[in-house]
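Biologist: I want the terms behind this model checked one by one. Take me through them.

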Amino acid sequence: MAAGEGGWSLCKLLKFLSSLFFPGLIVSGTLCVCLVIFLLGIRLLLQRKKKAVASSKNGKSRTVVAFFHPYCSAGGGGERVLWCAIRALQKRYPDAAYVVYTGDVSISGDQILEGAFRRFNIKLIHPVKFIFLRKRYLVEDSLYPHFTLLGQSLGSVLLGWEALMRCVPDVYIDSMGYAFTLPLFKYVGGCRVGSYVHYPTISTDMLSVVRNQNAAFNNAAFITRNPLLSRAKLIYYHLFAFLYGLAGSCSDVVMVNSSWTLGHILSLWKVGSCTTIVYPPCDVQTFLDIPLHEKKSIPGHLLVSIGQFRPEKNHPLQIRAFAKLLNKKVEESLPPLKLVLIGGCRNKDDEFRVNQLRKLSEDLGVQDDVEFKINIPFEELKKYLSEATLGLHTMWNEHFGIGVVECMAAGTIILAHNSGGPKLDIVVPHSGDVTGFLADSEDDYAETMAHVLSMSDEQRLQIRKSARASVCRFSDQEFEVTFLLSVEKLFK
């Protein structure tokens, strides 16, 4: 009897749920239609706003090209791409108006351009309008101690909304990797959209790290020790990768900076028909002025590192490997050695990391042999490269590695991480000759550094010559040609 009543109750429940299906469907459909109408209304409003501001001095409408680059004064490789891209477009499309969305509210536009000239030796042909965004804190990783990727991505949409409300462009280019802004500008703003991807927000390598329960800067040790947490994070990463792929697939033009990045973007965004490799511009010609003779302007050997002070750059590995090298120096009677870490600090988090690196140097007892040079001018950077014997790079799966190319062009022998862009695109044989070295552990780095420093002057000179000859394909001129060919579709 009880079983019969239970079955009857279940039948009633199913009937009740089925009776709600069609009303629920109608309500959902109505809400979707209202949302579409709302977004279309906003789009029409934005189009009127665009027509009101996109007029030139002679009264004719002109194309407005906007770059989304919240950290345009950071002084890294991504910023060099930004300024070279704008300069190339100004040469090809001089009548267009150029806008940069930035969150650098503490400095003026003139100071930003002056900084670009000091750091990169780049001067724009025509003026640029800066739109200063007040909500950049929404994309700061410190705001999201957990679910950082999702938080920053949603924050980028809100930051993008602020940018769109301030200025509606004809052509929108995300030059910093905020893929979730692409559908916003394309479908709400009615823009033609392009993206230059330096590094995918998520990659199959990141999925592998979590799947294999390996500790890393983006995979905390307490998660790796717990199979349940690792499984949950893997599911989260897969869902995020799916959303990231949907957002990226909205791009009309996709440019990637290396073979490594290309492989990941093709697997995630699946837009191979509009994706091309555009190697980032490196000021090769400026560094070619440095003579290739053996560098003896200072006693001993100078080792340098070029890169922003971000966690993924793995500067601690450089300091630890250098400490091991100093131990070898005692055993093998190497000449005096000095390590100089050169890079840009974007915010207080980066400054905190530099202080932690200083503390690490003290803990290892090498503080007298390690120096930090932060946000230095271009000429000072060039001076250090002209005196350095060896350049260090330690980022795992670096998307490209402009600092690696700059070292090679300057005649500084490079020792880079055995992964990513350096391995696939840069530190590769040239006409069968060695152009540099690769390593992936403290011992490997220390041993390779000792090996390079123990070479004869003639052996090092031959490597310098081969490396310099190999980097011409990464020049500003090559970048301009490939970049303009790629974005041509956006201006038709």
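Modeller: Two strands pair if DSSP finds at least two bridges between them. Strands (E, at least two residues) and helices (H or I, at least four) are DSSP runs, numbered from the N terminus. The model is predicted: local features need pLDDT of at least 70, side-chain atom pairs count only at pLDDT 80 or more, and totals for chains, interfaces and linings use all residues. Residues are numbered from 1 along each chain as its sequence is written, and side-chain values use heavy atoms, with hydrogens and water left out.

Biologist: How do you know that strand 5 and strand 6 pair?

Modeller: Strand 5 and strand 6 (residues 253–256) share four bridges, in the parallel sense. At least two are required, so they pair. Ser 195 has Val 254 as its bridge partner in strand 6.

Biologist: What joins strand 4 to strand 5?

Modeller: Four bridges, with strand 4 (residues 171–174) and strand 5 running parallel. Asp 174 has Ser 195 as its bridge partner in strand 5.

Biologist: What makes strand 5 mostly covered?

Modeller: Buried means under 20% relative accessible area, exposed over 50%, partly exposed in between (1.4 Å probe, protein chains only). Five of the six residues of strand 5 (residues 192–197) are buried.

Biologist: How do you know that the span of helix 4 agrees with expectation?

Modeller: The expected span is 1.5 Å times one less than the number of residues. Helix 4 (residues 148–166) has 19 residues, so it should span 27 Å; its end C-alpha atoms are 27 Å apart, which agrees. Its buried residues include Leu 149 and Leu 159.
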